[in-house]
Amino acid sequence: MTGRVPALLAPALAALLAGTAPAQTAQPAQTAQPAASPTAAAPARDLATPAETMRARLADAALELEFDRASAAALVGQARAAYAQIRAPWVQADPDAAREVDRALKAAAGAAQAGETPALGRAGAEAWTALLRGAYTGLETALRAGDAGAARDWLAVREFRVASSLTRLSADATGAVEALAQGKASPQDALNAVRSDVLDGYQARLLGALADLQTARARGFRTLEAEQAALAQGYFALLRPAYVAQRGEAAAAALDRHFAALPGALSAVTAALEGFRAAPLSVREVQARASQATRFLSLVPVEYARGVKAGGAGAVVTQPVEVNEARTFLNGAVTAYADLAPLLRDQAAARALGRDLAALNASLSVPALARTVPAPGDVSAQVGALGTRLSAAFPAEWKAHDAGADLDVVRTQLGAVVAAAQARDWAAAETARLDAYALLESGTEARIAVFNPDLKARLENQIWNGQHPQGLAALIRARAPLADFRETHAELQATLKEVAGVLGTEVAPAAVATNAGIIVFREGLEAVLILAALMGSLRRGDAVRLRRPMWLGAAGAFAATAVTWVIMQGALSLLGRYGEKLEAVVSVIAIGVLLLIMNWFFHQVYWTDRMASFQKHKHELAHGPQARTAARAQWWGLAVLGFTSIYREGFETVLFLQSLVLQAGAGAVLGGTAAGLVAVLGVGAAVFRYQARLPMKKLLIQTGGLICAVLAVMVGNTVHTLQLVGWLPVHPLPLDLPAWMGLWFGLHGTWEGVVLQVASVVAVIGSFYAAEALKERELRAKRGAAAIPS
């Protein structure tokens, strides 16, 4: 045998070595069969198992041929016997395909007896692709007849796109058949959906076979060359009707001759396929692939720079895991671009861009142990130039943000966490975890926070410091066993699947505006209530002047929020990495200042409005150095309180709104934001108006209650954030609290949060009663002094 093991042998070889099929090969037909819906009837015929048996025995025969011709011939006989079990349905569905399978199996038997490995590989590929062609013909026939049961049977015999960490097997065809079975789709609609999914997979397989053929020819791998040529020809036979519909019979016949002349006519085949798509992409699919291409390409230099260091003798690999991540992202970009290239208007520019992407891919595909590799700066410059050309090539309608592309990156980064944990590289694991969370924080949290808050809470817990299962952050800190990482990773994959469902839901502009308005109202309510509560009481005498620093602090926070918005548009992921920690720091400062100001507030109100003796003392203090020092401290304290109360909410609001702008455009988001701001201002105005009518004693009580409630919410949310970043331990309550209680009341179901919330309430109420007790004591002392005769 010459060259590497043929691709047809991969399933059998993988089964021998690892007990499972490799990701880069088609899944076995029986495992590719989609699970039927709970109400669906069981399949009437098992076509998948004999089909996969035929394929596996041919692969085994090619593997065995170099060692024992008799065993190889026996395996080919077993393949023919497996096909005999299902030959009748193939003859009925597609007689030409059935005869082609018979001819190929006969050729395989002859090649086994003669010991011709390339011929056996070619015959096996021809038999398998002819079998696929017959299954697809049967599938279309069943769909036209509205027979969902037969369609399920035929759909089980198929191949998918090449699977990788950045792509997922499509379930569109399965969903279409099930919709037909349930009466939710017409036969024609189901047929269109199945064609789009299945033919897209076969075209991807065709392009992959041609690429492998080129590699095999360059390296002199005769067996692989013969096999890939036959696979390419067989896949095109599946796509030929679509080619005829687009290019005509004459062009298809000419292309048939080119395929028959492979590998010599490889360039002619490639040229004839330019611009051809068997299954046109929908607008949404085009946007998704364009988003993937740009997103993945932009991450290549980031990951590469982490794994390669430039030195005097040239750049060297220091972190192979990071370099592999860069290659993974680049492969994802290349794959996404390959689907889009035929749709671009300027095909000459599209081909040039494709060649340059392939050249970059080749330059990075060097062994990890190589002495020198491309410098990070050079790679960054190349990617920057390619990104500019990519953006210029894509029409404006392709550039709408697709959050699904972000989820693909998140999945890859979460997989990198597990890989780094397996290598015990905890720094790399934490970096990958933060990268994943940064994309979630900036790209998806806005929608799931409003439409499914429980899902948001579950996702955060799994990435940070959850308990069931343990969050990734906690596992990394504990240097946990690999099995624990895999358990959490599996839970995360299930959660991300739910997130994808939320993101995949079409949302009307009105819903986006409502989403934005709720976010602004929820995040702004705490800050406005704090300011209204404190300022509402600063309305008498010298206390009025203390409103100014709070207004100035609030204005500064609005300005800082606007600056954050501008910065975040260019560095969203970067800020997202530190968003939770920044929010935690600002929240702690806000709570500390609020407690200090609140203590001063209660006592200041008491001394100012209740103690006549203090009026004289206040006059003395107001003109001395001690008064000026105290005034400055009060001024800065109130200014800091005004700033932190607004900015702690503004930072998170900007993250959420920026995400919505990426998903739905600025119009609907700005409309919802304006509505949310009006609602927040309305609440503040109502509080001010209501408090202005209260006497000071009642105002003190009402304000204290308001601050008590707002402080409890602030403390609960801050504790939750501190637990997310690992700065506080997590001890869950024995009961589960719904996520909406955390969003609106700061109740997140941990002992730390509840205890500290209770402590904050006690501090507020205690401060009030302490002031009252001090007042009564002073009054009793005055009465006692007045009762003593002079």
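For these notes I take an axis as a line fitted to C-alpha atoms, for helices over the stretch in contact, with angles running from 0 to 180 degrees between N-to-C directions. Helices are DSSP runs (H or I, at least four residues), numbered from the N terminus.

I'm working on a predicted model, where local features need pLDDT of at least 70, side-chain atom pairs count only at pLDDT 80 or more, and totals for chains, interfaces and linings use all residues. Residues are numbered from 1 along each chain as its sequence is written, and side-chain values use heavy atoms, leaving out hydrogens and water.

**H10 and H11**

I looked up H10 (residues 222-247) against H11 (residues 249-260): the axes come within 8 Å and cross at roughly 165°. That makes the two roughly antiparallel (angles over 145 degrees). I noted a right-handed crossing here (near helix turned clockwise from the far one by less than a right angle). For contacts (heavy atoms within 4.5 Å), I found Phe 236, Arg 240 and Tyr 243 among the H10 residues, and Leu 255, Asp 256 and Phe 259 among those of H11. By class the contact has ten nonpolar, one polar and four charged residues (Ala, Val, Leu, Ile, Met, Phe, Trp, Tyr, Cys and Pro are nonpolar; Asp, Glu, Lys and Arg charged; the others, Gly among them, polar).

**H15 and H16**

Next I checked H15 (residues 347-364) with H16 (residues 376-393), which pack at about 155° with axes 11 Å apart. H15 and H16 are therefore roughly antiparallel, and their crossing is left-handed (anticlockwise in that definition). I listed Leu 353, Asp 356 and Leu 360 among the H15 residues that meet H16, whose side includes Val 383, Leu 386 and Arg 389.

Conventions. Parallel < 35°, antiparallel > 145°, perpendicular 65-115°, else oblique.
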